[in-house]
Amino acid sequence: MRRRLAGISLLGVLALTSAACGSGGGGGGTPEAEGPVTITMWTRAATQAQSERLVEAYNSSHKNIQVKLTVIPTDNYQPRIAAAAGAKQLPDVFASDVIFVPNYTSQGLFADITDKIAKLPFKDGLAPSHMKLGTLDGHQYTIPHTLDLSVWFWNKDLYEKAGLDPEKGPKTLKEFAQQATTIQEKLGKDGKVHGTFFGGNCGGCYVFTFWPSVWAAGGQVMNPEGTTSLNDQPAMTDVFKIWRGLYENKVTGPTAKEEQGPTWTGFFPKGEIGVMPMPSTTLGLMPKDMKIGVTPIAGPDGGESTFVGGDSVGISSTSEHPDQAWDFLSWTVSDDAQIEVMAKNKDVLARTDLADNKYSAEDPRVVMINSLVAKGQTPYALRFGQTFNDPQGPWLRLAREAVFGDASKIPQLNAEITKSLQQ
Amino acid sequence: MTLTITRSRRPAHSAPSARWRSRKVQGWLYAAPTAVIVGVLFIAPLVLVVWMSLNRWPLLGPATFNAPDNYLKIADNPLFLDAVLFTLKYTAITTVLLSAVALGLAMLVQDRRPGIGFFRTAFFLPGAVGFAAAGLLFYGMLNNDFGPIDPMLQALGITSEPVKWIGTPNMALFSTIALVLWRFAGFNMLILLTGLQAIPTEVYEAARSDGANRWQIFTKITLPLLRPTLALMLILSVTGSLLAFDQFFVFTNGGPDNSTVSMVMVVYRAAFFRFDLGGAAAISVVLLVALVGLNTVMMRRLR
């Protein structure tokens with residue numbers, strides 16, 4: 001009995017050592033001998049379509065490296081990254097909502113790719129706002145993956161039915177409110193059609209759709225360092241007041257107050273909404289027969305701006321295949337991928353130098369969205385996620401009090417936002 | 001000493017101490033798998049959590065000792081106190097309702113009658129649904145945009161417009177408790193059912209022949225004899241409710257306006273939204289100590 005046990009344990013030791021030798025030997029071999037390398041990639045559902053197209057095109061044109069993409073629900077993305085990082089199980093490559101990138105780089109989740117980026121011939125054309133947020137202390141960690149800009153969509157069919165000019169979208173937030181109200185009054189009787197809609201219980205939705213109106217009016221929402229909140233200033237509260245009026249007059253869908261985010265873009269494609277802020281990435285996903293106008297988000301009295309959102313992508317600092325991962329990443333921003341994959345599907349390009357291409361000319365709306373990249377903003381804050389996106393964060397409480405509740409609480413809640421930004 | 005005991009028990013064997021030792025080793029071997037599992041899955045994480053709570057613990061990279069900062073910081077957390085009060089309120093309401101409903105169901109299906117198996121199964125079945133899945137199910141059913149419950153209630157003339165099931169703090173709490181009752185009443189019914197069936201029928205017969213009415217039988221016979229089982233159910237319910245997470249995370253997302261943030265959600269937020277793993281560990285340790293204390297008191301009282 002004892003001898004048998006000894007035999008078994010010896011076998012175990014042998015197996016372990018041979019496995020260790022095996023992996024050591026494999027590392028020294030040539031990449032070809034190992035067959036195709038599979039690198040893992042994570043992305044969030046909000047920009048899933050774009051990531052999937054890129055991965056598919058890359059996998060079909062590359063034999064030695066294959067990318068395995070995992071899509072994670074948008075709301076769970078941050079926790080999943082945190083859990084994986086804590087367990088040292090990050091994928092080789094992961095995309096991130098661009099506004100979380102400063103926090104991730106400061107936590108050391110991304111590998112430094114400054115030298116690799118420097119060798120790209122088109123490095124100056126990479127979307128500037130994304131590159132800025134991916135830079136920490138002069139080192140670069142991410143490149144742009146997808147660009148998602150907030151713009152106003154209006155439903156031309158509903159405009160026509162309501163007696164509005166279907167070719168003239170709103171030029172100011174006040175016009176936006178008037179047109180939405182007209183739609184509601186003319187078409188909203190049976191409760192199916194509504195003037196407008198917004199994600200009223202979703203912090204990320206508020207920043208994406210309301211802040212551009214502040215910027216368009218020349219205001220700011222934070223100081224440039226992202227440590228002081230300016231959301232109690234008139235530039236912001238004026239915007240809140242207009243939206244509050246729309247909700248109080250029942251121009252918004254009745255569930256706007258409860259909308260937590262997952263479904264806020266789902267009502268417009270059904271033809272139920274007259275005019276509302278939408279992410280530009282959804283333009284390619286709209287029903288083909290729907291006539292949609294697209295116009296920049298404006299301030300109460302004019303101007304135009306956008307929230308330059310979307311994803312940046314980098315190589316995780318724990319990846320064992322950084323070179324293969326870079327092969328994929330550098331390909332995603334190449335002329336070929338940008339034009340034949342992104343532009344072809346009406347997506348905003350990760351490179352400003354390719355804004356004029358053979359596909360963009362076909363759709364003036366795409367040209368307009370591409371032109372907004374230079375006018376829009378991507379706010380920078382190290383503590384962005386826990387302050388503005390987290391449903392328990394202070395921003396959502398402020399926005400909800402401002403739109404649905406007691407607006408006199410704004411100064412006090414704004415102080416809480418500043419406190420959260422400085423943590 | 002061991003020698004004398006074994007010798008007195010087994011005087012016939014020539015080498016009793018060797019045999020006894022081998023039996024001891026065997027005992028350890030039998031216990032080893034469980035011991036390893038408990039050690040790896042319970043003791044080790046517990047020690048790690050306590051250690052984490054004494055350190056600044058980044059996602060990647062080395063930790064730095066900073067005790068007792070993580071514990072002092074808890075007082076600054078604006079969500080913590082509200083979450084404690086909310087969780088206690090939720091626990092009290094849930095436990096009372098759950099006990100009442102489970103006991104009612106158990107007494108309904110207590111006797112063997114034709115077709116009783118169907119009802120027992122039907123009451124227990126929601127317990128077979130994963131809790132997160134149940135949360136999503138309720139979210140979908142009660143959703144004001146596409147859920148089927150509102151149109152049904154309106155068609156029956158019970159309501160005239162969509163009910164904001166998770167739109168106000170009280171409604172969100174009420175809807176969540178409905179979800180928890182639906183999901184757990186059957187399971188608790190099963191626990192109480194075993195207790196009910198362990199009460200000898202002779203006791204009931206004796207009570208009836210003494211002229212006791214139904215209410216007297218319930219209060220003087222059933223409840224006292226059910227006490228140990230009720231105690232078990234109470235402890236399970238209180239512990240489960242104090243650690244509530246899934247229902248609020250999936251169903252209400254802590255809303256509206258942070259009105260349904262439970263203590264475990266505060267831990268989750270600290271760890272996974274603020275990446276403050278040390279702070280999250282400190283809250284967990286406080287929660288653990290409170291739970292152990294509460295359970296000790298409950299065990300003493302209910303024994």
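The model of the complex is predicted. The predictor assigns the complex an ipTM of 0.74 and a pTM of 0.80. For chain B, the mean pLDDT is 88. In that chain, 95% of the residues reach 70 or more. Where pLDDT is low, predicted coordinates should not be read in detail.

The two chains meet through 24 residues of chain A and 25 residues of chain B. Three helices of chain A, α3 (77-86), α14 (384-389) and α15 (394-403), each supply at least two residues to the side that touches chain B. The largest share, 6 residues, comes from α3(A). By class, this side of chain A has 12 polar residues, 7 nonpolar residues and 5 charged residues.

Chain B also carries record-based annotation. An unreviewed UniProt entry lists "transmembrane region" for residues 28-52, 90-109, 121-142, 171-193, 230-251 and 271-294 of chain B. Residues 121-142 of chain B are 68% helix and 0% strand. The end C-alpha atoms of that span lie 25 Å apart. Residues 230-251 of chain B are 86% helix, again with 0% strand. Here the end C-alpha atoms are 29 Å apart.

How values were computed
Residues numbered from 1 in each chain as written. Chains lettered and ligands numbered in written order. Predicted model: local features only at pLDDT ≥ 70, side-chain atom pairs only at ≥ 80, totals over all residues. Contact = placed C-beta atoms within 7 Å. Helix = DSSP H or I, 4+ residues; strand = E, 2+ residues; numbered from the N terminus. Nonpolar A, V, L, I, M, F, W, Y, C, P; charged D, E, K, R; others polar. pLDDT = per-residue confidence, 0-100. UniProt positions renumbered as here; feature names shortened; annotations may be inferred.
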